[in-house]
Amino acid sequence: MYYYFWLMIPALLLSLYAQAKVGSTFRKYSKVRTESGITGAMTARRMLDEGGLNDVDVVRISGNLTDNFDPKKGIISLSDSVHSSSSVSAVGVAAHETGHALQHRDEYGPMKLRSFLVPVANIGSVAGPYIAIAGLIFSIDILLELGIVLFSAAVLFYLVTLPVEMNASRRAMELLETGGILNNNELSSAKKVLNAAALTYIAAALSAIMTLVRLILISRNRR
Ligand SMILES: [Zn+2]
């Protein structure tokens, strides 16, 4: 199972870089207070109300960078460092999560596809490689193929995540600008935070693609 491990090195390096970058960028702009003094929660509330989403709740969640939008419950959860903070980072992240709520409202295609892929991707990303390796060890070709097919679904999920995340950030930046929530300086800082976050999704997608390439190469080589 260590075959072609070197193929993973670029993805691993990018992941490490992206994690460090998102952490440092978030921390940097967590110390910069917005001119208006608006908090993350206030930003989300305002954007939601303007988007006709009065029924979506904004709640506080523990943890660091745990912010998310739950389309089933209609809840935006903002972490401690975002919810009540009036930093540029907090406002940027809150706006991004609101972007996801707006995607849900608009039945944004890639988001629907992503939700559809969640269950199979969850199984595929965890079990896929193990099933493939079991097929390899016990020389059961059908298991090997099944593992690869399952993992392909996970790869598709990671790929579809990219337009969903980019689009949420694009919506966030547009609304922060048109709503006059951030000034020009703050806008470019918020964009840096969101771009750093996007990099982590790119790293995850690259890592999934390279794992799939490895599985395919390993399966080809034994024939
Ligand atoms: Zn997101």
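How many bridges join S2 to strand S3, and do these strands run parallel or antiparallel? Three bridges join S2 to S3 (residues 75-79), and the two run antiparallel; the points below set this pairing in its context.

1. Basis of the note. This is a predicted model, in which local features need pLDDT of at least 70 and side-chain atom pairs count only at pLDDT 80 or more, whereas totals for chains, interfaces and linings use all residues. Residues are numbered from 1 along each chain as its sequence is written.

2. Overall make-up. The protein chain holds seven helices and three strands, where helices (H or I, at least four residues) and strands (E, at least two) are DSSP runs numbered from the N terminus. Their order from the N terminus is α-α-β-β-β-α-α-α-α-α, and the C-alpha trace spans about 65 × 35 × 25 Å along its principal axes. Of the 223 residues, 39% are buried, a residue being buried if 20 or more other C-beta atoms lie within 10 Å of its own, exposed if 12 or fewer, and partly exposed in between, with C-beta atoms placed from the backbone. Among contacts with a separation of 6 or more, 74% come from residues 24 or more positions apart; two residues are in contact if their C-beta atoms, placed from the backbone, lie within 7 Å.

3. The sheet. The three strands form an open sheet in the order S1-S3-S2, with mixed pairing, and two strands pair if DSSP finds at least two bridges between them. Strand S1 (57-61) and strand S2 (68-70) are at the edges with a single partner strand each, so one side of each has no neighbour in the sheet. Neighbouring strands are turned by 25° against each other on average, direction ignored. Within the sheet, Asp70 stands opposite Ile75 in S3.

4. Helices on the sheet. Helix H2 (residues 40-50) lies across S1 and S3 and runs at about 160° to S3, while helix H4 (residues 88-105) packs on the sheet, touching S2 and S3, with its direction at about 165° to that of S3. Axes are lines fitted to C-alpha atoms, for helices over the stretch in contact, and angles run from 0 to 180 degrees between N-to-C directions.

5. H2 against H4. These helices pack at an angle of about 30° with their axes 8 Å apart, and are therefore roughly parallel to each other; angles under 35 degrees count as roughly parallel, over 145 as roughly antiparallel, 65 to 115 as roughly perpendicular and the rest as oblique. The contact includes Met47 and Leu48 of H2, and Val91 and Glu97 of H4. By class it has ten nonpolar, three polar and one charged residues, where Ala, Val, Leu, Ile, Met, Phe, Trp, Tyr, Cys and Pro count as nonpolar, Asp, Glu, Lys and Arg as charged, and the others, Gly among them, as polar.

6. The buried residues of H2 are Gly40, Ala41, Thr43, Ala44, Arg45, Met47 and Leu48, and what covers them includes S1, S3, helix H3 (80-83), H4 and helix H6 (141-178). Just after H2, Gly52 takes a positive phi of about 75°.

7. H1 against H4. The axes of helix H1 (residues 9-30) and H4 come within 6 Å and cross at roughly 120°, so H1 and H4 are oblique to each other.
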